[in-house]
Amino acid sequence: ESVLSILEKVAVDEVLSKEEIITLLSIESEEEKAALFKAADLMREECVGPKVDIRGAIEFSNYCIRSCNYCGLRKENRKLHRYRMTIDEILAVAYRMKEMGIKTVILQSGEDPFYTVELIEEIIKTIKAELGMRITLSLGERSYEEYRRFKEAGANNYLLKIEAANQKLFYKAHPDGDWEKRAKHTRWLKELGYIVGSGNIIGLPGQTVEDIAEDILFFKKYGIHMIGIGPFIPAANSPWANLNPGTVDMTLKTLAVTRLVCQNVYIPATTALATLSKEGFIKALRAGTNTIMLIMTPPIYREKYQIYSNKNMVNLDFAVECIEKAQRELPSYIKV
Ligand code: 5AD
């Protein structure tokens, strides 16, 4: 089956099979890639319109009790200076975001039990009462009761990435993880009425295009609303510090195919992609993405939130510049 006939199926709203998804992810010619990105750009336009949603992330703690092989925050990393932000520090950043016109604040941290359910509730309620912003939580795994209480306190969205839908790959990356638990928590979050985020990492060691196709089908099957897709970037002082990063190319193809399959969802152009390539980040804005997360973490903490090394600073200036470039770029529409 040709790439063009698969893209035509998408245009008339036919559901793609796993084999067809794999065919699209395996595209190598520049012409076919351009056609794929164009189709994803059109689908983005059709489903969510000409709009990029800008959100701000506060990485409020880099303490973590987990041991993910790819991540620089893993508990075994003694070389990382750890920090925790106070509720006042968090609020000060949220205030600035509100002034900038940002409507959604993402509260992200390692898995840090220091922030008890009561403390997180207090942060949520204060931001809601004083600023009325939408709140996205990205705190890792918590209990059902905690998710429920956060929702009741006013949280709107929850990000909990499956990272790898293929269990073998998942366990290779997460020696202390539990795939079934992740999947169950994803279902819980949906039941509780959250807008639910998931996502994966492109370029994990041993990952195949079939694995990535399974990730995309997982997002579809679980009815995920926000899908974070970024390349693997080696993190200093982690077991995978010396592996090769994922490619910009495969990340862009995955973003585009995810837009074609999942359609009306939020897909960010990720910081990880911006870290590998500014050009790739701009291309992502024309290949199906519709969200940018600005890193709003205060400068004194920023360089300590090293989930991977040399993390790019995605700030408002960078985002605006990239959006303008993406708008100016007139992709020559190449017929396959
Ligand atoms: N490379 C790419 N992405 C990473 N993440 C964590 N460590 C890395 C890395 N080394 C991603 C995970 C996590 C998100 C916050 O960052 O997908 O969910």
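1. Let's start with the ligand. The residues around it are Tyr70, Cys71, Lys161, Glu163, Ile201, Gly230, Phe232, Ile233, Ala235, Ala272, Ile307 and Tyr308; a residue makes this list if its C-beta atom, placed from the backbone, lies within 6 Å of the molecule. The shell divides into 9 nonpolar, 1 polar and 2 charged residues. Here Ala, Val, Leu, Ile, Met, Phe, Trp, Tyr, Cys and Pro count as nonpolar, Asp, Glu, Lys and Arg as charged, and the others, Gly among them, as polar.

2. A word on what you're looking at. This is a predicted model, where local features need pLDDT of at least 70 and side-chain atom pairs count only at pLDDT 80 or more, while totals for chains, interfaces and linings use all residues. Numbering runs from 1 along each chain as its sequence is written.

3. Now the sheet. It is open, has 8 strands in the order β6-β5-β4-β3-β2-β1-β8-β7, and its pairing is parallel. Strands (E, at least two residues) and helices (H or I, at least four) are DSSP runs, numbered from the N terminus, and two strands pair if DSSP finds at least two bridges between them. At the edges sit β6 and β7 (268-269), each pairing on one side only.

4. Which strands does β5 pair with? One partner is β4 (residues 157-159), parallel over 3 bridges, with Asn157 opposite Ile195 in β5. Another is β6 (residues 226-231), also parallel, over 6 bridges, and there Gly197 stands opposite Met226. To get from β5 to β6 the chain goes through helix α9 (residues 209-221), a right-handed β-α-β crossover: with the strands pointing away from the viewer, the path from the first strand over the helix to the second runs clockwise. Of the 8 residues of β5 (residues 195-202), 7 are buried, so the strand is largely enclosed by the rest of the structure. Buried means 20 or more other C-beta atoms within 10 Å of the residue's own, exposed means 12 or fewer, and partly exposed is in between, with C-beta atoms placed from the backbone.

5. Next, β8 (residues 291-295). It pairs in parallel with β7 over 2 bridges, where Ala269 has Ile292 as its bridge partner.

6. Leaving out residues up to four places away in sequence, Leu159 touches Thr136, Ser138, Gly197, Met226 and Gly228; contact means C-beta atoms, placed from the backbone, within 7 Å. With the sequence cut-off of four places, Ile65 touches Lys75, Glu111 and Pro113.

7. Finally, the largest nonpolar core: 99 residues, with Leu36, Val105, Tyr158 and Ala256 having the most contacts inside it. Helix α10 (residues 248-262) gives the largest share, 7 residues. Such a core is a set of buried Ala, Val, Leu, Ile, Met, Phe, Trp, Tyr and Cys residues joined through C-beta atoms within 7 Å.

Definitions and conventions:
Contact = placed C-beta atoms within 7 Å.
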